Every structure is written in C-alpha cells, then in structure tokens.
Amino acid sequence: MDCPTCETMVDAYVDGELTASESAAFERALEGCPDCRRRLEAARAMSGLLRELPAEPAPDLLRARIERELRTIAGASRARLRGAGMRWGAMAASLIVAVSIGWLGASLVGKGGRETDELIAGYIRVAMSEHGVDVASSDRHTVKPWFAGRIDYAPPVYDLTREGFPLVGGRIDLVDGRKVAVLVYRHNQHRIALSLWPRNVPPNRGRSPNRIPAVSLTTPSSSSK
Amino acid sequence: MSDAPKPDGGTVGRFRSVVLPHLDAAYGYARWLTRDPVEAQDLAQEAMLRALRYFHSFRGEEARPWLLRIVRNTWIDLRKRNGAEKLPLEVLETRPAEGPDPEQSALAGDRRRQVAAALAALPAESREVLVLREIEDLSYKHIAAVLDLPIGTVMSRIARAREKLAVELKGRLERRDHGLPDL
C-alpha cells in the first residue's frame, strides 16, 4: 500500500468503517509510515475529545411545546373524524340547519339549491313523521352493527355524549334510490340527523358530490316527534 | 405537501413511539447547527412538526438519521427564509461561537469548554460532519444519508474536519496559555 492510499484510510480506520481485510492492510502499511501513524494519533485524539463533550438533552420547554403540538394535531384529527371529515369527507361541506318546519330555502344559498331540496324534502318528511329512528339506542355498539346487512357500507358511529350530542339511534333513508345510513343525535332540545355515505359513492350519482355531500337537519323537538 | 395526508391520531401515536424518542438527538444536532439555544429549540420544533407531516413517507428505515436529515433541511430552509444565505460564509461563521456549556468545574471541564468552542468555531460543513460522527455517533452510511452525499465525500470531509479541529483547538489552547482572550 502506498502512503497516499493509507493516508485516506486513517479516518475510516478510526471510525471502524474498514473491512477486516482493509484494516489488516492498513495496519501493515502503518508500520512503515510514521506520517500516517501521527495522523492516526491526531484523528483518534480529536475523536476522543469530541466524545467527551456532554450531550445536551432537549430542554423540557421544547419537549412540552412539541407535546402540545402533537396533542393538538391528534385532537384536531379526532375532531375531523367526529365530523367524518376524513374518509367521510363528503360530510363536511354542507350543514343545513332549519330552525323550524317553516325553514327557508334562502338559508341554503350557496349550498346546492335545487339538488339539496330533494334531500331536504326527505328530511322534512321524516322529521314530521313518527319515523325518527329504526334502531333506538344511545350505544354506538348497538347502532353500528344494526346497519350491517342493511346497507352496503359501514358508517362510522361516534360517541359524542361528552361533547353534548348523545346518540339517539339510527335509521335508513332512501335518497335518490339508494339506501343511506342516518344517525340521529340529540343536542339540548334538538335532534340532529346525519346522513353518511362513502365519498366514492355519492347517493346522487351523476351530480357533483361536492355540491351536496351531506345534510344535517336540526328541527325543534316539538316538530320532530 | 398539500396533497400529503393529514396526520391522524394513529399516525401521531406511531410518530410518538418511532420518532419522538430521537428528540434529544434532533435538539443536539440543531444546537450545533445554530450554535444558539433558542434558535435550536425553534429549529428542533419546526423539524419535528415537519417530520410528522412527512411521516407517511417514512419507510421503516432508521429513524434517527431520517429525522436528522429533516433537521438539516429545515435549518437550510430557515436560513434561506431569514436571508442568511445572502451573507458570506465568513460573516456567519464568525458570529460569537459558543457551544453547549459543559460542566464548569475542574480541568476536564475547561478542556471540554475549549473543545466545544473549537468545534463551534469550525465552518458549518466541518462542524456538522463531526457532530454527526462523534456526538450523534452515526456511521458513514447514515451520515451520507443525512447530508445527501456519497460515502467517499463523507470520509474525506471527516478527515478534513478533524484536521481543522486540531488546528483550531491548538490555537485556542496556545492563546489561553499566553493569557490571551478567546476569539
């Protein structure tokens, strides 16, 4: 091995990056090369000094800041899921609130208009009838399985009791000829019905799923019995 | 990253167990890159959040080099944002250099302080490769991944950086022995 070669291997040798045979060749070359021996000692010394430096752990403040961010992000994602905004992204766009049976179409401005009317009409009929829920339970583990076999997808059923929206039950509506899962939650004196369907299969095929992805209707309990 | 999936609770949970344990390493590297404890915290935090956003592309490789690479790229971006790249390197590198403050006591403490100051005084290119090798204890392969360089380049940079450190340290110790103030 000539000296330029052994010179380039000094640091790799210190760092244990040479193969066994390379190391052996380097050590043999070193015997006849005082320059490289000096280099080796210098490199080892620098390595040793740096490794004596105490590690400075992340400050508690930094750790706390990151923890807070992570909790916020995880919390926001849970909120998105509750709003069914992730896989059920179809739901987020339209939230329609009718304050009474005499709800105003004008309050729906910008969110679908005529197409939405069809869906709303179904809600109003339902709200006026006795047809509140087909499965009455505040337990999501009762409501969710109830949909199995009745519709061809599994809607997410969330327990929102702590958020002030206890589950009332579920039912199946017919929207545009397709069965749609409806969850009914209660909030104070109001009932809130959520229609849920997978984003990739909008119930109103042929129309933009973004136009009327979902509807939630609140009616006073007096008129929603 | 606008088309990247938003991290959900499960992702955050996996991130906690896979990446978060390397926060000390991320901060340590940030500390030596910035040479400023406050900037280092900002950099480490920004890098951690970026890592979470990129976590969907994490393929189960070693998490520490993966994270340190993000720290480095974040640092470069932050410097660009702050217009630091417009300054000549000399100006950047002659800022008051101050490494992590080791124990104050005893001769060992003094030597460590000199070593830390010498390391902090090195140009970023030499400084970071030594930090990755000696303090983060990464292999050449992992250093190459962090710096996005061929292994051969890593090897020659380490050799050069050790030489620079030796010169810097020698100069400091001589100044000290002659009662001259630190640079």
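How do H2(B) and H7(B) run relative to each other? I looked that up first. Their axes come within 10 Å and cross at roughly 155 degrees, and H2(B) and H7(B) are therefore roughly antiparallel.

**Ground rules**

I am working on a predicted model, where local features need pLDDT of at least 70, side-chain atom pairs count only at pLDDT 80 or more, and totals for chains, interfaces and linings use all residues. Residues are numbered from 1 along each chain as its sequence is written, while chains are lettered from A and ligands numbered from 1 in the order in which they are written.

My helices (H or I, at least four residues) and strands (E, at least two) are DSSP runs, numbered from the N terminus. I take axes as lines fitted to C-alpha atoms, for helices over the stretch in contact, with angles from 0 to 180 degrees between N-to-C directions. Angles under 35 degrees count as roughly parallel, over 145 as roughly antiparallel, 65 to 115 as roughly perpendicular and the rest as oblique.

**Chain B, H2 against H7**

I noted the crossing of H2(B) and H7(B) as right-handed (left-handed is when the near helix is turned anticlockwise from the far one by less than a right angle, right-handed when clockwise). On the H2(B) side I found Gly28(B), Tyr29(B), Trp32(B) and Leu33(B), and they meet Arg127(B), Glu128(B), Val131(B) and Ile135(B) of H7(B). Contact here means C-beta atoms, placed from the backbone, within 7 Å. I sorted this contact by class and got five nonpolar, one polar and two charged residues. The classes are Ala, Val, Leu, Ile, Met, Phe, Trp, Tyr, Cys and Pro as nonpolar, Asp, Glu, Lys and Arg as charged, and the others, Gly among them, as polar.

**Chain B, H2 against H3**

Next I checked H2(B) with H3(B), whose axes come within 8 Å and cross at roughly 130 degrees. That makes H2(B) oblique to H3(B). This crossing is right-handed too. The H2(B) residues in the contact include Leu23(B), Ala26(B) and Tyr27(B), and those of H3(B) include Pro37(B), Leu43(B) and Met48(B). The class count for H2(B) with H3(B) is 11 nonpolar, one polar and two charged residues.

**Chain B, H7 against H9**

The axes of H7(B) and H9(B) come within 9 Å and cross at roughly 105 degrees. That makes H7(B) roughly perpendicular to H9(B). I listed Glu125(B), Ser126(B), Val129(B), Leu130(B) and Arg133(B) from H7(B), with Val154(B), Arg157(B) and Lys164(B) among their partners in H9(B). By class I have six nonpolar, one polar and five charged residues in this contact.

Most residues other than glycine have a negative phi. I found that Arg35(B), though not a glycine, has a positive phi of about 60 degrees. Arg35(B) sits in the loop between H2 and H3 of chain B. Asp137(B) also has a positive phi of about 60 degrees without being a glycine, and its place is the loop between H7 and helix H8 (140-147) of chain B.

Which of them is buried and which exposed? Arg35(B) is buried, with 22 other C-beta atoms within 10 Å, whereas Asp137(B) is exposed, with 12. The cut-offs are 20 or more other C-beta atoms within 10 Å for buried, 12 or fewer for exposed, and partly exposed in between, with C-beta atoms placed from the backbone.

**Where B meets A**

I counted 35 residues from chain B and 32 residues from chain A in the contact. On the chain B side, the elements giving two or more residues include helix H1 (9-18), helix H6 (106-121) and helix H9 (151-177). That side of chain B has 21 nonpolar, four polar and 10 charged residues.

**Chain A**

Chain A has six helices and five strands, and 30% of its 225 residues are buried. The mean pLDDT (the predictor's confidence in each residue, from 0 to 100) is 70 for chain A, with 61% of residues at 70 or more. Over residues 84-115 of chain A the pLDDT is below 50, yet I find 60 contacts in the model beyond near neighbours in sequence.

Last, I looked at Val157(A), in the loop between helix H6 (140-147) and strand E2 (167-175) of chain A. Val157(A) counts as buried, with 21 C-beta neighbours inside 10 Å. Its C-alpha is 5.9 Å from that of Arg140(A), 17 residues away in sequence.

Key. Two residues are in contact if their C-beta atoms, placed from the backbone, lie within 7 Å.
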